[in-house]
Amino acid sequence: MTENNTDIVFILQGLNGSLTDRQLYFAFALMSYSFTVFVNLTLIVTVCLDKTLHEPIYIFLCNLCFNGICGASCFYPKLLYDLLADSHVITYIGCLTQMVATYSYIFCEFTSLTVMAYDRYVAICRPLQYRALMTVQKVAQLLFLTWCFSMLEAFVGISLTSRLPLCGRHLPKIFCTNWDVVRLSCSDTTVNNIYGLVLTFSHLLQMVLILISYAHLVRASIRSLSDRRKFVQTCLPHLVTLLIFTTSLLFDMMYSRYGGSNTMAVLKNALAAEFLVVPPLINPVIYGMNLHQIRSRILHMFTHRPEIPK
């Protein structure tokens with residue numbers, strides 16, 4: 001048993017045996033990270049610069065993109081460093097910091113998608129009350145609560161983990177996860193397990209609320225062509241985003257808890273990192289391609305040539 005957890009240096013075993021040509025993987029990871037940051041920043045800057053896009057749905061979308069950058073940034077820099085390093089280690093404090101950032105991203109993603117579902121519900125099912133309900137103050141409150149609750153959930157979970165004495169220092173993945181650290185504990189982890197179940201239930205409840213809102217949205221969108229157009233342009237990308245993110249998390253949870261430690265290492269690591277790689281990359285592309293207002297502004301921004309005064 002280790003007396004002081006802060007003295008621990010974890011060994012990340014995810015890269016061992018699964019990556020042979022590190023320079024090639026480094027190039028792919030760097031391009032993926034750069035493109036992720038680029039597409040998300042492009043969408044954020046486009047919305048910020050165009051006053052006609054200063055609507056609640058686009059502001060919530062900017063928040064989703066910003067969260068995607070945060071999620072990718074808590075994973076890629078460490079991975080890029082490890083791909084060029086001979087040893088793949090991370091300090092105890094570094095591991096806790098990465099976990100706080102990762103789980104804040106996860107919880108914020110779920111809460112952001114729930115808020116966006118509420119916005120679409122009001123816009124389509126109660127259009128006459130939309131302006132009165134979704135005021136600037138209401139949007140600011142929703143964003144503030146989204147980040148506060150997400151970070152609070154993450155800090156409480158990691159605080160519960162930090163109190164555990166650890167008996168090992170080998171982590172099976174290419175980044176730190178709470179479940180892998182908890183499994184190294186020498187003491188009882190009942191409180192951690194209960195808190196994990198509470199979080200799982202609360203976010204499953206969020207998914208149920210989103211699905212209920214979509215049931216109302218589908219029923220309401222049948223009424224008119226404009227409602228159907230709204231549904232296809234804004235709700236369909238939202239639903240795809242939710243499915244991609246949830247599926248990625250479920251795969252990670254199943255392999256973390258029930259997958260064999262030595263079987264299908266490459267697949268296990270790929271699925272484990274999927275929720276940090278795919279949603280931040282896909283979300284702005286899906287919305288940018290499907291939302292006409294954003295797509296036209298982005299095309300104009302990159303194709304418009306400013307007139308040179310004579």
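Contact, on this tour, means heavy atoms within 4.5 Å. The model you have open is predicted, so local features need pLDDT of at least 70 and side-chain atom pairs count only at pLDDT 80 or more, while totals for chains, interfaces and linings use all residues. Residues are numbered from 1 along each chain as its sequence is written, and side-chain values use heavy atoms, leaving out hydrogens and water.

**Stop 1: the whole chain**

Start with everything selected. The chain holds eleven helices and three strands; these are DSSP runs (helices H or I, at least four residues; strands E, at least two), numbered from the N terminus. Of the 310 residues, 47% count as buried, where buried is under 20% relative accessible area, exposed is over 50% and partly exposed lies in between (1.4 Å probe, protein chains only).

Next, colour by pLDDT, the predictor's confidence in each residue, from 0 to 100. The chain averages 84, and 86% of the residues score at least 70. Confidence is highest in helix α6, at a mean of 95, and lowest in α9 (residues 225–258), at 71.

**Stop 2: helices α6 and α8**

Now select residues 136–162 for α6 and residues 190–221 for α8. Their axes come within 9 Å and cross at roughly 160°; axes are lines fitted to C-alpha atoms, for helices over the stretch in contact, and angles run from 0 to 180 degrees between N-to-C directions. The two helices are therefore roughly antiparallel, a label for angles over 145 degrees.

Which residues make the contact? From α6, show Leu 152, Glu 153, Val 156, Gly 157, Leu 160 and Thr 161; from α8, show Val 191, Asn 192, Tyr 195, Leu 199, Ser 202 and His 203.

**Stop 3: Glu 153**

Stay on α6 and pick out Glu 153. Is Glu 153 buried or exposed? Its relative accessibility is 17%, so Glu 153 counts as buried. Beyond its neighbours within four places in sequence, Glu 153 is in contact with Phe 107, Tyr 195, Leu 199, Ser 202 and His 203.

**Stop 4: Asn 269**

Finally, move to helix α10 (residues 265–290) and select Asn 269. With 11% relative accessibility, Asn 269 counts as buried.

Definitions and conventions. Parallel < 35°, antiparallel > 145°, perpendicular 65-115°, else oblique.
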